[in-house]
Structures are given as C-alpha cells and as structure tokens.
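I'll jot down what I look up as I go.

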Amino acid sequence: SQITTLINHKDKPKRSDKTLQAIQRVGQAVNLAVGRFVTVGEAIANENRELKEEMSVACIEARRAGETIAQLTDVASLDHPESDSHITIFTDKTGVVKAARLLLSSVTKVLVLADRIVIKQIITSRNKVLATMEQLEKVSSFQEFVQIFSQFGNEMVEFAHLTGDRQNDLKDEKKKARMAASRAVLEKCTMMLLTASKTCLRHPDCESARINKDGVFHRMRLALEQVIEIVTDSRPNGESEMAPISIYSGIKEFKNKVEGLRENLYFLSKENLSTMLEVILEHTEDFTDSAYTSHEHREHILELSKQAKMELEQLVSVWMQAQNQKTKDLMEDLEVAILKTCQCMNELKREVHSAATSLAADLLKYHTDHMVLKALKITGVEGNLEAVAEYTCKLSEQKEQLVEMCRLLRHVSGTEPLEITCIHAEDTFQVTGPQIISAAETLALHPSSKIAKENLEVFCEAWESQLSDMSMLLREINDVFEGRRGEKRVYLSLPRPGKHNANLKALKPVKLDTEEQAKIAKLGLELHLLTSDVDSETEKWEDQENEIVQHGQGMSSMAYSMYLFTRGEGLLKTTQDLFHQAEIFATEGTKLASALHAFSDQVQDDDKPLLLLEAEKLISMCKQLQITAKASVQGKSATFTKVDACILKTRNVMTLLCQLLPLCCKLLRKNKAGNGCLKPAPPWREDRIRTGTNAHTPERRAETFGIKSLENHVTNMTFLDSK
C-alpha cells in the first residue's frame, strides 16, 4: 500500500512542505516495516538450517531495497541549495520503481520460503504420528501401550496445532472445508483408537474387537493422508480430484449461461444448454427415487422437471430465430423466454431445498432420543446376543436414512465447503455405524468387561456428536438459502521463531461460558431483531444491486453471525473471531458511509444536509467500534467487557442503519418521481441471495481440533492401569 502511494505520486512543479514531509514519512514507514519483517525472516532462517542461505539472501535484498526507498524519499531538505545534487524520488523515479520491484520480489521469496518450512513441519509431524501408530498396532502389553500412547498423544497435539493454523490460513474455502473434515476425523478417532486398542488388548482372541480396532487405524491413516494432500496440493499417482456436482451448482451455472444470451447470442450451442439441463434433471432423480422423499415433493419435482424441459425448448426456438434476425419483437420474446426458464429453475431449486431440509429436520428430531444406542448398551451389558443382533439391524436402517439425508443435503448446501461438510457427515455415518455394531458385539460376548463397555460408549458418543453437528449444518444450509452468512480471516501458520516471537504470539482464543452467554443474551436478542428490521427494509428496494442495499445486507449478515455467537452457535467460535468480525463490520459501515456521500450528490438540496448528517454519525460510530475491537485486553473479565462493548456498539450501528435505509429509499423514490435523475432499477432481474462480505466461507471447526481435551487426556493416563 505504501509503495503504491509512492509510485503513483504526481510530479508537481510546486512542492509544499506538507507534500515533502508526507513523502518522507511514507519512505521511512516502508523501511521500518521492511526492517521488522526481515528480523522475523532472519530468526526463521537461524532455526531452519537447510533454508538459511536462501532466506538470508532474500532478507538482505529486502533490507537493501527498503533502505534505498528511504534514501530516495529523504526529500524534506530539498529547499536548501546544498542538496541540489542529492538524488531523490523527484530526480530518479525509476530508482524507486526498481527498488520497489526488488522489495516486492524479495518479500515474496521470504514468504514462499517460510511457507515451505510450514509444509515441512506438518509432513514431519505426520510422519512421527504414523510411526507411533505402527508401534501402537503391534503392542501386546498394557504397560507398553500406556507408554507409547502417551507419546502418540503429545504428537497428535503438535499435529493439531500445526494443521489448525494452516487451516485458518488457507484461502481456498474448499480446501479449508476438507482440512476441517479430516481434522474432525482425527479428533474423534484419537479417543476411539485408545478404547478400541485397550479392548483388543483385554480380549485378544475376540474377532469383533480386532475388526473394531482395525477400522479406527484405517480411518486415521486416510485422514492423515488427506491432510498432506491438501497441504502439498497434490494427490497420489497424479490423480485429479473429481468434484461432485450438486443440483445447486448445476442450476447456478445453467442460469449464468442462459442469462449470458442477453449479451451474446453466439457464445454457446443449444446442445450445451440441453446437456447441462439433462445433468441437473438426472441429479433430481436422487430425490424422486429416494424412499424418504414425500409424495408431494416428488410430484412437484417431476412437474418442475417437465416444465424446465418445455421452457428450454421455447428458449432455444426463440434464440435460434434471434440469431438469424435481430428484431425488437424477437429480442423481447427472448427476454421473456430467459426469464421464464430462470424462474422455473429457481422454483426447482426451492422445491429440492424444501424436500431435503424438511426430511433432515424430521429425521434429526426423530433420532434425538438415541433409543437404539441406549438399547444396544443395555442388551450388550446383559450379554443378550439375540437382542443385540435385532438392534444392530435397526441401527443399520437408521444409518441408511442418515446417509441418504446427507446425500440430499449436499445437493442443496449452496456452497462448496458445505457440500464437503455433507460428504464428511455421510462418510462418518457410513463408517461409525458398523464400528458401533462391532463394539456392541464385543460387549455382548464379554458383558462383564468394563473396557468393552467404555469402548461402546465412545463410539456411541461419536454418533451422537455427528447428529448434533448435523443440526448445526442444517441451520447453516438454511442460512445460505436465506442469505445469512458471516466471514472471518486470521493468518496463523507462518513459522514462529522461538526467542524472537514475543510480540508475534497470537492471543489465546476464548469462548464465552454459559453464565456470560446468559448475561449478554438480551443484547444479542436486540441485535437479532435489528437484523430482521434491516432485512425487511432492504427487501423494499426495487434495485437489489444498489450499493447501499448491498452494504446494508452485508452488515446485517455479519451482525446476525455476532448474534449467533452470543448463543454459542454459528461460525464465530471464539472471542477473537467476534472481535475480527466487529472490525470487518465497522469497515463495511465505513464503505456504506462513502456510498451515502456519493448518493447525496444525486438528491435535492433540501434533503442533502439530513443525509450527510446521518452518514457522519455512521462514520463516527464505526470508528469507535473499530477502536474497541482492536483494543488489547487481558483476563477473562476484561475480555467479556470488550465483547459486551463490541455487541453494544454493533447494535447502535444497526439501529442507525434501520433509520438510514428507509430514508434513502424515500429519497430515491422522490428523485425518480421528480426529475428521474437517478438510474432506474435494471429490468427483469431476480432478487439475488446476498451472503454478506466473502460470505461463502463456511469454515466449520476453524480452531485446532479438540486440543484442550486431548492435552488433558494425555496428562491423565491413570485410568489406563490394567487392574
């Protein structure tokens, strides 16, 4: 940013003292920033010998470039005659450009080298975990197992930290979701591995116990492999990843192509469009063929599929005519055909969404009592093999229902990351179901075994946990459909040099406890009500693409995610997430204020002062919120006070927004009615779902997986005593 300012400065014959001082300050700021950056780079180099030489060269180049920029911008003394021979930005602008290029090149090199170190750390950590897992598989005594598992636990904690930071830094939301899914598997499997291995050691001749343990080890290895694939951006044997196509993504692409005909009648063939629709309708068969889709939904989906084919036929007919003869009437007919086709696809999308989410809601409600799991535990302890077999059949039926639910939800998830979360959930039910069955069979064969009972408990808890996650996933899918999503971005995974990172350490993430959630509930509810008010106000605008509307919807989406945080739900998991969201919210508010200023130039003089006054209020409130969000605090009480202040100030901004939106809407209509000086809303456009700023980020389980519970577990190994 600073370099761009320097390069783009305009050469003026007259240079005021203020301009000269500003240029010098920018040059010094660049040099200081480079100095701090290089210090970290050099510290990383000292701790990583294999890259020390390359890193040191890049750091030297960066430092030299920073110093050159500082020298060329040392222009404060230009008014003195003795400095005439001094080379500066004014006499040698190409020198600044060269220095800037060198600086950006060397800084990029430092970052790339640092990234290589991070990848190497993760691979090394994975290799340690794999080696220890091999030892755990081969142990034959409890004493040996306790010793090796303690080491394994520590290695998993290290791996969790490294991959958690990496997950946060991934820019590709799809990769981020895959990483989250793999790490969720590792979190749950770590506990399963413990109890499954103990059960196998206690009952070495039991086949079901061995099957149970082998399943856990196999799943952990697959998850570890997937983490490395994501980190290194590679797949085994050079395979390319086949992304599953959902109905939502298919409809979105199809509509984009159809709407593109407005601009260009020749950019695709009719066969292309027909094929795209065929693929979408093939996927709807997942709904119409499903035993769990209601008769009503099935009929509606079939009707809409038939209608979609007819609308496309009509569109193609008009389109072909328009290619031969571009008359006004034909172009109007084409516009109508485009609208009808898109409207039909929207209705199809709405219908499959309703079918999938209503099925999911019913199934999750039906299975909340966990009756089958409870029955398996009771009959297992009784040693009743016949009853266990009966309930394992029921669990298999339940598994098939939940797997089908996940498949249908994937089609309507709305974003790639949520699609991946649905696929992960499907895999979890597929794998955990048989593992519960093998654990229950082991307990039925050894009903007095405490360790077999504990093992079944762990697998049942994993099943219950996944059901609970499905409830949250369903809410997130509905949030996307209704245009409500939040956003966050914090970089964590650059290598941290040991003794040099005193000022670089990330704050420890903190969650609100139940008591704090209760205290802040009223404020959160007020925020929720305000988001509803803002949403209803934005819906009144004819032009949903208006900049004021877009900023308003983005702010409402972020405020809603902050409200969910007060309930312990949603994407913002820790107080640090909340503070970061508050900063983004304030930035969005500032952008809205700029849009209001631009809008004020178009309104009549009588109305202008009131609008500008409200815009200034908004700027002031957003600045205050940013200051609060960035303020450093320590201790639980101070953190909660800061959370309370951020929510309160966000609420105040939303209250102002509720007043601003109807005012702007009124002024817009007044101007359109009076002199038509504003641009009219674009015709024939559907209302688009807004998902807030960068709202497609689904980022579930962004923090390091179960680190605290795992650390506690590793340090409390006493119950492993073989008694």
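Predicted model: local features only at pLDDT ≥ 70, side-chain atom pairs only at ≥ 80, totals over all residues.

How many helices and how many strands does the protein chain have? I found 21 helices and zero strands.

**Whole chain.** I checked burial next: of the 723 residues, 50% count as buried.

**Confidence.** The pLDDT averages 82 over the protein chain, and 83% of the residues score at least 70. Helix α13 (residues 385-411) has the highest confidence, at 95, while helix α21 (residues 707-715) has the lowest, at a mean of 48. I also noted two stretches with pLDDT below 50. Residues 486-494 make 43 contacts in the model beyond near neighbours in sequence. Residues 712-723 make 21 contacts of that kind.

**A helix pair.** I picked helix α11 (residues 328-366) and helix α15 (residues 450-481), whose axes come within 11 Å and cross at roughly 155°. Angles over 145 degrees count as roughly antiparallel, so α11 is roughly antiparallel to α15. I logged the crossing of α11 past α15 as left-handed.

Which residues make the contact? From α11 I listed Arg 350, His 353, Thr 357, Ala 360, Ala 361 and Leu 364. On the α15 side I wrote down Leu 467, Met 470, Ser 471, Leu 474, Ile 477, Asn 478 and Phe 481.

Conventions: Residues numbered from 1 in each chain as written. Heavy atoms only, no water. Helix = DSSP H or I, 4+ residues; strand = E, 2+ residues; numbered from the N terminus. Buried < 20%, exposed > 50% of the residue type's maximum accessible area, 1.4 Å probe, protein only. pLDDT = per-residue confidence, 0-100. Contact = heavy atoms within 4.5 Å. Axes fitted to C-alpha atoms, helices over the stretch in contact; angles between N-to-C directions. Parallel < 35°, antiparallel > 145°, perpendicular 65-115°, else oblique. Left-handed = near helix turned anticlockwise from the far one by under 90°.
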